[in-house]
Amino acid sequence: MTTALPVALLDLDGTLMDSASGIAASVRHAYAQVGLPAPAEAVIRSFAGPPITWSFTTHGVGAEQLDTAVAAYGTHFSDVGVWDTRVFDGIPEALVALREAGVLLVVATAKPLRWAEPICAETGLTPLLDHVVGAPDDESETKGEIIGRALAWVRGTVGEAGYRAVMLGDREHDVHGAAEHGVPCLGALWGYGGEDELRTAGAADVLASPAEVPAAVLARVTG
């Protein structure tokens with residue numbers, strides 16, 4: 001009899017790291033480039049996490065302007081915004097505790113992989129993770145598609161042993177994307193979504209701080 005491997009799928013922006021400032025600056029630049037007024041600061045902050053194409057189209061960027069806005073955002077973020085980030089207090093300790101408990105840790109982020117990998121390395125997260133799955137450069141995938149690729153990597157890694165997974169994320173897209181694959185999602189209240197958004201989306205539970213992560217994850221993937 002084999003034992004299913006415990007797996008934690010981890011959102012990046014708003015869950016493992018606070019990247020709102022760098023993202024916001026790049027969003028403001030993109031709106032200026034397409035000649036539109038930038039949304040209110042609270043709306044701009046909400047761009048951290050979801051696919052950027054969804055955020056732009058939801059907040060006033062028309063189809064004819066979308067490619068220009070995405071390109072302007074990408075250029076500014078690559079040059080400036082990507083490095084304006086920090087790991088949330090308590091996250092490294094939570095990841096260490098989970099790895100010591102035998103949990104496979106896989107980032108599933110809507111941030112393009114070309115940014116996700118170097119920023120994980122720069123902030124010291126890479127040695128604490130088993131794999132990073134990010135969006136394609138054009139950010140065309142949904143969070144569900146990104147999570148699907150992460151789970152495909154997990155299946156290829158664990159083989160016949162199987163796995164038991166949970167998602168940790170701060171936005172409704174994390175909850176809905178995980179649900180597409182039958183995976184429960186724990187909501188990170190230190191991120192950008194808020195309790196109402198996460199509970200309405202169907203989060204299995206919400207966590208007030210990174211200190212709660214190890215016990216909450218282990219309760220879902222072991223036993």
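Colleague: Let's start with pairing: which residue in strand 4 does Leu10 stand opposite?

Modeller: Val107 is the residue in strand 4 that stands opposite Leu10. Before going on, a caution: this is a predicted model, where local features need pLDDT of at least 70, side-chain atom pairs count only at pLDDT 80 or more, and totals for chains, interfaces and linings use all residues. Residues are numbered from 1 along each chain as its sequence is written, and side-chain values use heavy atoms, with hydrogens and water left out. Helices (H or I, at least four residues) and strands (E, at least two) are DSSP runs numbered from the N terminus, and two strands pair if DSSP finds at least two bridges between them.

Colleague: How many bridges join strand 1 to strand 4, and how many join strand 1 to strand 6?

Modeller: Strand 1 (residues 5-10) runs parallel to strand 4, with four bridges, and parallel to strand 6 (residues 163-169), with six bridges. Leu9 shows both sides of this: Val106 is opposite it in strand 4, and Met167 is its bridge partner in strand 6.

Colleague: What about the other partner of strand 4, strand 5?

Modeller: Strand 5 (residues 131-135) is parallel to strand 4 and joined to it by four bridges. Val132 in strand 5 is the bridge partner of Val107.

Colleague: Why is strand 4 described as largely enclosed?

Modeller: Buried means under 20% relative accessible area, exposed over 50%, and partly exposed in between (1.4 Å probe, protein chains only). Nine of the nine residues of strand 4 (residues 104-112) are buried, so the rest of the structure largely encloses it. Strand 1 is also largely enclosed, because five of its six residues are buried.

Colleague: Which residues of helix 6 are buried?

Modeller: The general idea is that an α-helix has 3.6 residues a turn, so residues three or four places apart point the same way. Here Trp115, Ala116, Ile119 and Cys120 are buried in helix 6. They cover an arc of only 120° around the axis, which puts them on the same side of helix 6; the arc is that of the directions from the helix axis to the C-beta atoms. Their cover includes strand 2 (17-18), helix 4 (63-79), strand 4 and strand 5. Just after helix 6, Gly124 has a positive phi of about 85°.

Colleague: And is Ser26 buried or exposed?

Modeller: Ser26 is buried, at a relative accessible area of 0%. Ser26 belongs to helix 1 (residues 20-33). Leaving out residues up to four places away in sequence, Ser26 touches Tyr73, His76, Phe77 and Gly81, where contact means heavy atoms within 4.5 Å.
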